[in-house]
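Student: I'd like to learn how to read a model like this one, feature by feature. Can we go through it together?

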Amino acid sequence: MVNLKRRKAINEMADIIREALKLNTPVPVENIPRMLGGKLSFLSELDQGMEAMITKRGEEFEICIKEDVYPLRQRFSIAHELGHLVLHMGYLSNNELWRESESYKDIVYYRNGFSIEEVEANEFAGALLMPEEEFVEVAEDNLYEGVYALEPIARHFQVSVDAVKVRGRWLGLFN
């Protein structure tokens, strides 16, 4: 599992990107690849039955999303792939790693079923789409008699209820 120090750094990286790109909630995640100099493509099929993947060609990157995936899932998948881009390929964060990432393909999950990279990319996606301070505020606004109303929180951030549950657990609000 990702240690607390690493999780904090991942959340800070997501906040830096939100601030640098002047992103508000709900995050226009579909625009971020272009804003960062990359490309976003929606395709009918991806390799090995994947829903999303990121590739690097030279100095450019492309995020590919399966077009028939539920829109809220697409949003999270784009943010997840951006997590791989920044955290594991070094784009904007580690020039040496970026140079060494000649032909990175995000297929770790499909090879191993689970990896620390996948957990970190999910943490980044949650932080990008649902920043901690705002998440806590919106969650508290939707707390009734000790129970969080998850649907309004999900609508606010334009994410799935499942994504809200995970983010709330990771932030220690939900058990």
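**Strands, helices and exposure**

Tutor: Leu-143 has its place in strand S4. Helices and strands here are DSSP runs numbered from the N terminus: H or I over at least four residues makes a helix, E over at least two makes a strand. Before we go on, this is a predicted model, where local features need pLDDT of at least 70, side-chain atom pairs count only at pLDDT 80 or more, and totals for chains, interfaces and linings use all residues. Residues are numbered from 1 along each chain as its sequence is written, and side-chain values use heavy atoms, with hydrogens and water left out.

Student: How exposed is Leu-143?

Tutor: Read that from relative accessible area: under 20% is buried, over 50% is exposed, and in between is partly exposed (1.4 Å probe, protein chains only). Leu-143 comes out at 35%, so it is partly exposed. As for its place in the fold, Leu-143 is 136 residues from Arg-7 in sequence and 26 Å from it in space, C-alpha to C-alpha.

Student: What pattern does the chain follow along the sequence?

Tutor: There are nine helices and five strands, and they run α-α-β-β-β-α-α-α-α-α-β-β-α-α. To judge the packing, take the radius of gyration over C-alpha atoms and hold it against the globule rule, 2.2 Å times the number of residues to the power 0.38. The chain has a radius of 16 Å, close to the 16 Å that the rule gives for 175 residues, so it is as compact as a globular protein of that length. Its C-alpha atoms fill a box of roughly 55 × 35 × 35 Å along the principal axes, and 47% of the 175 residues count as buried.

Student: Of the contacts between residues at least 6 apart, what share joins residues at least 24 apart in sequence?

Tutor: A contact means heavy atoms within 4.5 Å. Among contacts between residues at least 6 apart in sequence, 61% join residues at least 24 apart.

**One buried arginine**

Student: Where does Arg-75 lie, and is it buried or exposed?

Tutor: Arg-75 is in helix H3, residues 71–88. With a relative accessible area of 4%, Arg-75 is buried.

Student: What does its side chain reach?

Tutor: Look for polar contacts: pairs of N or O atoms within 3.5 Å, where, within protein, one must be able to donate a hydrogen and the other to accept it, and neighbours in sequence count only if both atoms are side-chain atoms. The side chain of Arg-75 reaches the backbone oxygen of Gln-158 at 2.7 Å. Leaving out residues up to four places away in sequence, Arg-75 touches Pro-26, Val-27, Val-29, Glu-30, Leu-129, Phe-157 and Gln-158.

Student: And what does Gln-74 touch?

Tutor: Gln-74 is also in helix H3, and it counts as buried at 12% relative accessibility. Again leaving out residues up to four places away, Gln-74 touches Phe-42, Ile-65, Lys-66, Glu-67, Asp-68 and Val-69. Gln-74 and Val-159 are 85 residues apart in sequence but 9.5 Å apart in space, C-alpha to C-alpha.

Student: What should I look for in the backbone angles?

Tutor: Most residues other than glycine have a negative phi, and most peptide bonds are trans. Now the exceptions here. Thr-25 and Pro-26 are joined by a cis peptide bond, with omega about -5°. Pro-26, one of the residues touched by Arg-75, lies in the loop between helix H1 (4–20) and helix H2 (32–35).

Student: What is the phi of Leu-92?

Tutor: Near 70°, a positive value in a residue other than glycine. Leu-92 is in the loop between H3 and helix H4 (95–100), and at 57% relative accessibility Leu-92 counts as exposed. Glu-145 also has a positive phi, near 50°. Glu-145 belongs to the loop between strand S4 (143–144) and strand S5 (147–148), and at 83% relative accessibility it counts as exposed.

**Charges**

Student: How many positive and negative side chains does the chain have?

Tutor: Count Lys and Arg as positive, Asp and Glu as negative, leaving out His and the chain ends. Each charge is placed at NZ of Lys, CZ of Arg, CG of Asp or CD of Glu. The chain has 20 positive and 30 negative side chains, with the centres of the two sets 2 Å apart.
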